[in-house]
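Here are some notes to read alongside the structure, written for someone meeting this chain for the first time. Keep the view open and follow the points in order.

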Amino acid sequence: MVIIGKTDYDNRMNALIEESSYKKLNRNPLTKMVSETSKIIKEVSTIFGERFRWRLKVSNPQVPKLYGLPKIHKAGNKMRPIISNIDAPTSLLSKWVVSQVKILPPIQSLSVKNSFEFVEKIKDIYIEDHEVLVSFDVEALFPSIPVEEGIKALELHLESQALPQCKVDTIIKAIELCMAKNIFQFRKQFYKIEKGTCMGNSLSPVIAECFMSSLEIKLKNQNLLPRLWLRYVDDIFAIVDKDKVSCTLETLNAQHEAINFTMESESNGTLPFLDLKLSRVQGKIDIAIDHKDTSTLRYITNDSCSPIQHKMAAFHSSIHRLCKLPLSAQNYMVEYKYIMEAARVNDYRKSDIDRLIE
């Protein structure tokens, strides 16, 4: 939780709006949004079943609202824009599209679902002396993503699953509407996103994943990717020849004018990636758990009037990670002491934490 002055917050958000590709609207767009959404819902109910006519209709629709989260782990006063699509006219429609996509096999990609899958893929990798650990990051993925190309990649994926063409066409029409209605309000002023998409829209991660998957598969087929390339959303871990690091970055940034990659190389044989700290030890990758400098060890305190499940959730998660990752004895004890210190700070008993570990 971050407490920030309202004036400071508004100044940061207004600066964000001014520097982004947002178009100011002169009138409330809600009526038009509801009308166009109703047409698509009618078509969906015709193709997929009449029951969807009412399931996908929002009873009390409103224009989505913009809010920002301060990026406390980065320098400056940057805010992360999120558009709350709760009760937006297209909110239930976009969630339905996501459910239709998820029941199909995943699109071909080089992505991983979480840290555990990532570790499973790198634990037996051997690193040569002429290679270096590198992480690539897509700068502002959601605001930069070319939506049309992401939708096209998803359409090709749907067609490859032998779905009836009428269903593919209807799903794509629904996606195009949901992505075209990237409209929001802030302090009673209405805006439209001219480029990219936003966090808060259920379809944004799907479109971003489809675009990134098609991009990396194209690079792989052209033999332009390094020996190892694993991606989690917009964070990429790679093992690259030392002499080809700059060339690889240039190749990535030459793929699309809207997408810009940044890079971080290992320092003293160590590279942070996701919630892990990766170190080169005798040609293998040693795995430890990484904590940002902004970590305060502050969770829900034991004397808080909250359900016990909520209070222990952070410890459950930390201990699950501690026990499941293949940590060395030294790295295990470092993280164990970190968890115990967090328990002490938040007034939990050591015996309760040890019981979870057992």
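1. Start with leucine 271, whose bridge partner in strand 11 is leucine 278. Strand 10 and strand 11 (residues 276-281) run antiparallel and are joined by 4 bridges. Please bear in mind as you look that this is a predicted model.

2. Next come the rings. The structure holds 10 aromatic pairs. One of them joins phenylalanine 118 and phenylalanine 237 in an edge-to-face arrangement, with 5.3 Å centre to centre and 85° between the planes. The pair links distant parts of the chain, since phenylalanine 118 belongs to helix 5 (residues 115-122) and phenylalanine 237 to strand 8 (residues 235-241), 119 residues apart. Are these two residues buried or exposed? Both phenylalanine 118 and phenylalanine 237 are buried.

3. Stay with phenylalanine 237, as it has another pairing to show. With phenylalanine 273 it forms a tilted aromatic pair, 5.8 Å centre to centre and with 55° between the planes. This pair also links distant parts of the chain: phenylalanine 237 is in strand 8 and phenylalanine 273 in strand 10 (residues 270-273), 36 residues apart. Why do these residues count as buried? Buried means under 20% relative accessible area. Phenylalanine 237 has 0% relative accessibility and therefore counts as buried. Phenylalanine 273 counts as buried because its relative accessibility is 3%.

4. Tyr22, Phe184 and Tyr191 form one aromatic cluster. There are also charged side chains placed over rings. Lysine 324 lies over the face of phenylalanine 116, at 4.7 Å from the ring centre. Arginine 55 lies over the face of phenylalanine 52, at 6.0 Å from the ring centre.

5. How many cavities of 30 Å³ or more does the structure hold? The count is 1. The largest cavity has a volume of about 30 Å³, and its lining is formed by Met212, Leu215, Glu216, Leu219, Trp229 and Phe261. Helix 9 (residues 204-221) gives the most to this lining, with 4 residues.

6. Helix 9 returns in an open space, the second largest pocket. The volume of this pocket is about 750 Å³. It is lined by 26 residues, of which Pro106, Ile107, Ser111, Lys113 and Glu209 lie nearest its centre. Two or more lining residues come from each of these elements: helix 4 (91-102), helix 6 (141-144), helix 7 (147-160), helix 9 and strand 7 (228-232). Helix 9 supplies the largest share of the lining, 6 residues.

7. To finish, step back to the chain as a whole. Its secondary structure comes to 13 helices and 12 strands. The C-alpha atoms fill a box of roughly 60 × 55 × 40 Å, taken along the principal axes. Of the 358 residues in the chain, buried residues make up 44%.

Conventions. Residues numbered from 1 in each chain as written. Predicted model: local features only at pLDDT ≥ 70, side-chain atom pairs only at ≥ 80, totals over all residues. Heavy atoms only, no water. Phe/Tyr/Trp six-rings, centres within 6.5 Å; stacked < 30°, edge-to-face > 60°. Buried < 20%, exposed > 50% of the residue type's maximum accessible area, 1.4 Å probe, protein only. Lys NZ or Arg CZ within 6 Å of the ring centre and 35° of its normal. Pairing = 2+ DSSP bridges. 1 Å grid on protein atoms, 1.4 Å probe; cavity = no way out; pocket = protein on both sides within 12 Å on 5 of 7 lines; lining within 4 Å. Points joined across faces, edges and corners; volume = space filled by probe spheres on them.
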